[in-house]
Amino acid sequence: ALLIGLWSVWVSGVLLIALSLYATQRLPLSKNRIFSHTSFSDLDTPKITIFTAPAPFTGSSGTKQSLAIRSWLALSPQISVILFSQHHSAASFAKSFGSRALVESDIDFTFLGVPFFHSMVAKSRAFKSDIYVFMDTETILLPDFVLALNYAHNLDDDWLLFASPRDVPNFPFYLDEDRKHWLKDGQRIRIQEDTLGSNWQWSCCDSRMVIAWNNGVMPLHHGVLPPFLYGKGVYNHWLINEALSSGLRFVFDASWTISNTALGDSRRQSNCLVKSSNVSDIEKGSWEYDCNSHLAAVYGLSSLHGFNYSAVMKLVKCDGQYLLINTTEDFLHTYAYKNKSLWKRHIPNCWRSKTTLACVVRTIKTRNETSGCSLKDGSVHTKTLKLSFSLESLLAITADENKTVVLTVAGYSYKDMLMSWVCRLRRLRITNFLVSSLDYETYQFSVMQGLPVFNDPSAPSNISFNDCHFGTECFQRVTKVKSRLVLKILKLGYNVLLSDVDVYWFKNPLPLLSSFGPATLAAQSDEYNQTRPINLPRRLNSGFYFARSDAPTISAMGKVVRHAATSGLTEQPSFYDTLCGEGGSTRKGDNRCVEPGTNLTVHFLDRNLFPNGAYLGLWERKNVKSACKKQGCLVLHNNWISGRVKKLERQVISGLWDYDITTRMCLV
């Protein structure tokens with residue numbers, strides 16, 4: 001009886017355990033349902049689009065980029081590549097890869113041609129794809145990339161994955177002419193992760209990570225993506241951190257299952273913006289990296305400093321099976337794909353396969369070599385952001401082939417109007433512009449927006465820019481800065497088109513303005529009466545004029561600056577009284593005047609092409625843009641209105657606005 005009783009207890013225990021295991025495996029998944037599988041023959045291969053921004057296409061950099069992109073396209077016919085670039089040779093570079101590589105230039109770039117990451121991400125939505133991938137152009141991908149993305153593609157919920165790069169100092173392989181097979185010393189080989197042996201090391205480089213997400217319903221994170229400079233560090237770590245903090249997507253680390261192989265380059269390793277024993281000569285004092293660090297510190301839900309990836313789920317592959325594991329818990333989690341349904345299994349430590357466990361331990365151990373990776377000192381954001389360019393060097397970089405620059409001057413209260421002006425010029429493919437900031441805040445803002453900005457040391461201080469509009473003492477002081485700057489640039493040998501930020505450009509006016517020839521200053525007229533001459537006294541608008549760098553113009557501008565310095569008015573009366581004589585004594589006809597001391601001709605521009613804010617009541621039209629285009633306007637000045645707020649409202653309501661102040665991007 002005793003034996004029968006013990007036997008009954010034992011059988012009951014076994015049955016209870018079996019029932020518990022069955023119930024555990026039948027439990028439905030929670031919100032973040034995940035799974036694994038080993039075969040993809042019954043699943044559709046997803047369409048994968050890789051987005052990147054290549055560096056200049058010459059020399060060793062061009063060779064590496066070409067090899068890397070060919071390695072991507074060789075993985076699957078479902079992979080296409082989008083190259084963000086404004087470089088003149090980008091089209092021919094992309095053409096060499098066939099129809100699956102395209103160039104996209106319609107995004108925001110800095111004046112140095114560096115694309116903005118937030119603009120790249122926003123533009124990627126215009127491309128239909130199952131999976132979006134962002135990665136560096138000098139990174140080789142191996143076949144496990146497609147396998148891992150095939151796995152991720154079949155997760156039920158929206159997801160984001162990342163994979164840290166592996167630095168390879170010497171990559172001796174290349175693709176054949178058909179881009180289908182890898183060769184070494186002329187012999188065909190099959191590259192797998194173990195092909196590289198131990199000739200690689202983990203890298204903490206932020207800019208060389210692979211980031212991918214599915215085309216799902218949920219956004220990547222709460223809030224907005226800051227205007228990070230692509231390839232300049234921090235933004236990938238920031239994005240991962242924000243995605244985790246927001247909890248909108250399942251985030252996991254695929255560094256063990258995606259062989260993200262970065263071709264060795266010590267120069268580019270210095271751009272990683274991390275602390276690591278694996279990376280030497282980390283660049284310090286770069287405005288681009290400091291700018292990204294500053295943005296990371298002021299945007300988002302939590303600080304990046306000391307961020308730890310140990311709690312993030314890891315995707316590994318052992319015994320031919322994908323496993324998602326959490327090394328901070330006592331359980332190894334696997335997820336099985338069965339009959340189009342998802343089941344979750346928790347495997348106790350004592351029941352794990354010894355080979356699987358050994359594989360997991362070995363895999364994780366290799367990753368722990370980079371556990372000390374962290375961002376640079378979190379105090380970076382407190383630094384003063386400053387471009388490493390003088391006015392002279394900015395002129396040399398931005399001026400066009402005729403040594404002409406477009407100059408604007410702005411204070412902080414006009415920063416949004418400044419950006420709308422910049423976005424409009426970018427839309428017109430005009431890149432030879434410069435910004436002079438009237439205060440520290442505008443300078444910092446412009447640096448973070450990637451503008452060619454310089455700080456004028458002669459600008460007046462203690463100015464309240466919220467009240468700095470036409471008719472105020474502040475306005476009088478600020479306007480005199482513009483003529484001094486123009487004179488300085490003219491003396492440096494550059495022609496200047498001075499344009500206030502409230503001048504909306506419909507077309508590029510430079511071809512017409514350049515046709516006036518030497519010893520001629522072309523300026524907008526402020527006369528609004530249609531029947532009166534446009535060169536009447538004090539009708540010269542100093543908010544839009546073109547001046548050449550020649551002796552008569554420089555001499556005459558010097559007279560204007562000296563006259564304005566002793567005047568209690570704005571610089572505008574000084575322009576007219578100096579160049580056209582008090583009361584218009586040197587007027588010639590209805591649209592010109594001549595400065596007698598220098599023989600400089602002042603040409604008042606046709607108001608139909610260059611209308612001021614009161615001419616023909618254009619700003620009061622129901623459709624301002626349509627009316628101006630019908631008239632043939634090249635520009636339209638938003639003047640003859642008092643107050644910054646009214647000026648801003650009028651321009652936004654009219655539709656002559658090109659900047660999204662929320663996303664910090666130019667409107668499409």
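The structure is a predicted model, in which local features need pLDDT of at least 70 and side-chain atom pairs count only at pLDDT 80 or more, while totals for chains, interfaces and linings use all residues. Residues are numbered from 1 along each chain as its sequence is written, and side-chain values use heavy atoms, with hydrogens and water left out.

The chain has 668 residues, of which 56% count as buried. Buried means under 20% relative accessible area, exposed means over 50%, and partly exposed lies in between, with a 1.4 Å probe and protein chains only. The secondary structure consists of 18 helices and 33 strands; both are DSSP runs numbered from the N terminus, helices being H or I with at least four residues and strands E with at least two. The accessible surface is about 29100 Å², and carbon and sulfur atoms hold 53% of that area. Such areas come from the Shrake-Rupley method with a 1.4 Å probe, and for residues only the protein chains shown count as cover. Among contacts (heavy atoms within 4.5 Å) with a separation of 6 or more, 74% join residues 24 or more positions apart.

Side chains of opposite charge can pair when their charged atoms come close. A salt bridge here is a side-chain nitrogen of Lys or Arg within 4 Å of a carboxyl oxygen of Asp or Glu. By this rule the chain has 12 salt bridges. One of them joins Arg 427 and Asp 106, with an N to O distance of 3.0 Å. Arg 427 belongs to helix α11 (residues 415–427), and Asp 106 to the loop between β3 (101–104) and α4 (117–124), so that this pair links distant parts of the chain, 321 residues apart. Arg 427 is partly exposed at 31% relative accessible area, and Asp 106 is partly exposed at 23%. The two residues also belong to a network of salt bridges that includes Lys 123.

A second salt bridge pairs Asp 136 with Arg 208, whose closest N and O atoms are 3.4 Å apart. Asp 136 sits in the loop between β4 (131–134) and β5 (139–140), and Arg 208 in the loop between β11 (201–202) and β12 (210–214), so the pair ties together parts 72 residues apart in sequence. Asp 136 is buried at 4% relative accessibility, and Arg 208 is buried at 2%.

Glu 527 and Arg 539 form another salt bridge, at 3.1 Å from N to O. Both residues lie in the loop between β26 (520–525) and β27 (540–547), 12 residues apart. Glu 527 is buried, with a relative accessible area of 1%, and Arg 539 also counts as buried, at 19%.

Gln 449 lies in the loop between α12 (440–448) and β23 (453–455). Its relative accessibility is 5%, which means that Gln 449 counts as buried. Apart from neighbours within four places in sequence, Gln 449 contacts Phe 116, Pro 227, Met 419, Arg 426, Tyr 659 and Arg 664.

At the start of α16, a side-chain oxygen of Thr 570 comes within 3.3 Å of the backbone nitrogen of Gln 572. After the helix comes Gly 581, with a positive phi near 80 degrees.

How values were computed
A polar contact is a pair of N or O atoms within 3.5 Å; within protein, one must be able to donate a hydrogen and the other to accept it, and residues adjacent in sequence count only if both atoms are side-chain atoms.
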